[in-house]
Amino acid sequence: MYHFIGIKGTGMASLAQIMKDLGYEVKGSDIQEHCFTDDALNAIGIYALPFDKNNIKENDIVIRGNSFTSENNEEVKQAEELNVKMYAYEEMVGKLTKMFQTITVAGCHGKTTTSSMLAHTLTGICGCNYLIGDGSGYASKENKYFVLEACEYKRHFLAYTPTYAIITNIDLDHVDYFKDIDDVISAYQEYANKAEKMVIACGDDPYTHSLEVNPPIFYYGLDEDNDIVAKNVEYKESGTSFEVFVEGNYYGSFDLPFYGKHMLLDALAVIAVCSYERMDAKEVAKQLKTFTGAKRRFQQKEIGDIVTIDDYAHHPNEVRATIKAARQKYPKKTIVAVFEPYTYARVQEFHEDYVKALNQADYAYVMDIKNDRDNPSDYPGVTSDLIIKNLEHGDHISLEEVDKLMKYDDAVVIFMSPKNIYHIREAYEKLVEEKQNTDTN
């Protein structure tokens with residue numbers, strides 16, 4: 001029996017689904033507040049128990065979420081006292097990567113969308129196992145490929161053994177761990193050198209060319225000097241169309257319902273893998289066209305003339321890209337951003353960049369800092385006000401102040417946070433629906 005401590009975490013939930021698919025017995029524990037990963041877990045008969053040391057049995061094999069230690073969790077302490085076999089999340093995933101032809105997807109931005117897109121495409125063509133950081137996981141012993149979202153935080157991705165190692169970009173993030181951009185680059189260099197077949201990296205990124213790696217490395221992007229190049233790109237209200245050339249040879253034409261340059265680059269990473277695996281371009285294009293997005297990545301809902309978008313964006317570059325994608329798809333609508341910053345360390349490091357990104361919207365609202373990692377006393381004076389006071393058209397917002405958003409008509413309201421921002425989004429959607437029902441009556 002595998003017991004997951006922190007089973008509702010996105011990676012942990014995905015791994016739990018995989019272990020159950022592979023025929024193992026699975027149980028787990030977590031906080032009792034509803035999380036979006038509950039739905040997938042409940043669908044396969046897994047219901048999170050409250051944390052309790054008595055959940056740990058002597059014959060259990062424990063998988064420990066990285067937020068939990070014997071100092072802060074009674075189950076971890078109990079597991080250590082009983083001396084049961086216990087693996088950190090990335091250690092258990094590392095074992096799985098040796099069982100299949102693994103394609104790891106790393107990058108400071110876009111790795112969830114890229115891995116979801118790749119898993120979707122390969123599943124449609126030939127079958128595929130996958131572990132995605134949006135809480136999605138699936139496995140069959142019969143499948144050849146295993147697509148894995150690989151996180152660089154604390155160098156966890158070094159536990160994996162990839163056949164292909166994808167790098168969507170390199171940027172400074174997780175500033176509570178990485179000292180500077182050079183520290184980040186060194187981690188990615190170690191990761192790239194673990195690839196058994198090749199590295200596929202975004203060549204338009206300013207840092208990927210500085211990597212010194214032993215495996216062959218192939219670059220994708222819009223710049224002409226890349227190995228996999230998108231040409232004749234058109235950004236339209238219906239999506240993005242382009243042609244792909246691989247090492248100078250025409251591969252195929254793609255007309256996809258994706259928005260923003262970042263989504264085009266994510267698609268190019270998928271196309272690169274498929275081309276080197278000798279897959280037919282028309283079949284790849286057919287599968288990509290049916291990709292509806294990763295969970296909590298540009299997830300849209302229309303209520304009359306209002307569109308809400310739920311997105312995981314938490315780094316300034318992701319916030320900027322999400323707003324830009326909304327403008328491409330909805331060029332005539334008012335764009336309103338609602339942002340919940342995550343961690344004091346990020347706000348301290350990036351508050352000026354958040355201002356620049358949020359100013360791309362017509363109006364921006366910022367919530368209090370969400371934090372379950374930093375010690376607030378280490379960051380005196382760091383609050384959301386560091387962002388709000390410099391916004392061109394900005395204000396503070398909370399769940400109790402959601403009615404501030406009701407003054408906008410014919411608008412796109414983007415809710416951005418890596419945490420559960422759905423409380424305020426759902427409250428807003430309820431108000432909009434009530435208003436529209438009242439207007440209709």
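This is a predicted model: local features need pLDDT of at least 70, side-chain atom pairs count only at pLDDT 80 or more; totals for chains, interfaces and linings use all residues.
Buried here means under 20% relative accessible area.

## The parallel sheet

Strand β2 spans residues 26-29, and both of its faces are covered. Val26 and Gly28 are buried on one side, while Lys27 and Ser29 are buried on the other.

What does β2 pair with? Strand β1 (residues 2-5) runs parallel to β2, and four bridges join the two. Helix α1 lies across β1, β2 and β3, and its direction is at about 170° to β1.

Zooming out, the four strands of this open sheet come in the order β2-β1-β3-β4, with parallel pairing. The edges are taken by β2 and β4 (85-88), each of which pairs on one side only. From one strand to the next, the twist averages 25°. On the β4 side, strand β3 (residues 61-64) is joined to β4 by four bridges, again in parallel. Ile63 stands opposite Tyr87 in β4.

## Two buried threonines

Is Thr37 buried or exposed? Thr37 has a relative accessible area of 1%, so this residue counts as buried. Thr37 lies in the loop between β2 and α2 (38-43). Setting aside residues up to four places away in sequence, Thr37 touches Lys8, Thr10, Ala13 and Gly135. By contrast, Asn169 lies 132 residues from Thr37 in sequence and 27 Å from it in space, C-alpha to C-alpha.

Thr97 belongs to helix α4 (residues 89-97). Thr97 is buried as well, with a relative accessible area of 1%. Beyond neighbours within four places in sequence, Thr97 is in contact with Thr102, Phe146, Leu148, Tyr160 and Thr161.

## The mixed sheet

Six strands form another open sheet, in the order β15-β16-β20-β17-β18-β19, and here the pairing is mixed. At its edges stand β15 (299-303) and β19 (394-396); each has a single partner strand, so one side of each is left without a neighbour in the sheet. The twist averages 20° from one strand to the next. Within this sheet, five bridges join the parallel strands β16 (residues 306-311) and β20 (residues 411-416). Asp310 stands opposite Phe415 in β20.

Helix α9 packs on this sheet, touching β15, β16, β17 (334-339) and β20, with a direction at about 160° to that of β20. Helix α10 (residues 344-358) lies across β17, β18 (363-366) and β20, running at about 155° to β17.

The spans below run from the first C-alpha to the last, and the expected values use 1.5 Å a residue.

| Helix | Residues | Length | Span | Expected span |
|---|---|---|---|---|
| α6 | 181-192 | 12 residues | 16 Å | 16 Å |
| α9 | 316-329 | 14 residues | 20 Å | 20 Å |

Which residues of α6 are buried? They are Ile181, Asp183, Val184, Ile185, Ala187, Tyr188, Tyr191 and Ala192. These buried residues pack against β5 (101-106), β9 (164-167) and β10 (198-202). As background for reading both lists, an α-helix has 3.6 residues a turn, so residues three or four places apart point the same way.

## Cysteines without partners

How many disulfides does the structure hold? It holds zero. Cys202 is in no disulfide, and the nearest cysteine sulfur, in Cys108, is 12 Å away. Cys202 is also buried, at 3% relative accessibility.

Conventions: Residues are numbered from 1 along each chain as its sequence is written. Side-chain values use heavy atoms; hydrogens and water are left out. A disulfide is a pair of cysteine sulfur atoms within 2.5 Å. Buried means under 20% relative accessible area, exposed over 50%, partly exposed in between (1.4 Å probe, protein chains only). Two strands pair if DSSP finds at least two bridges between them. Axes are lines fitted to C-alpha atoms, for helices over the stretch in contact, and angles run from 0 to 180 degrees between N-to-C directions. Contact means heavy atoms within 4.5 Å. The expected span of a helix is 1.5 Å times one less than its number of residues.
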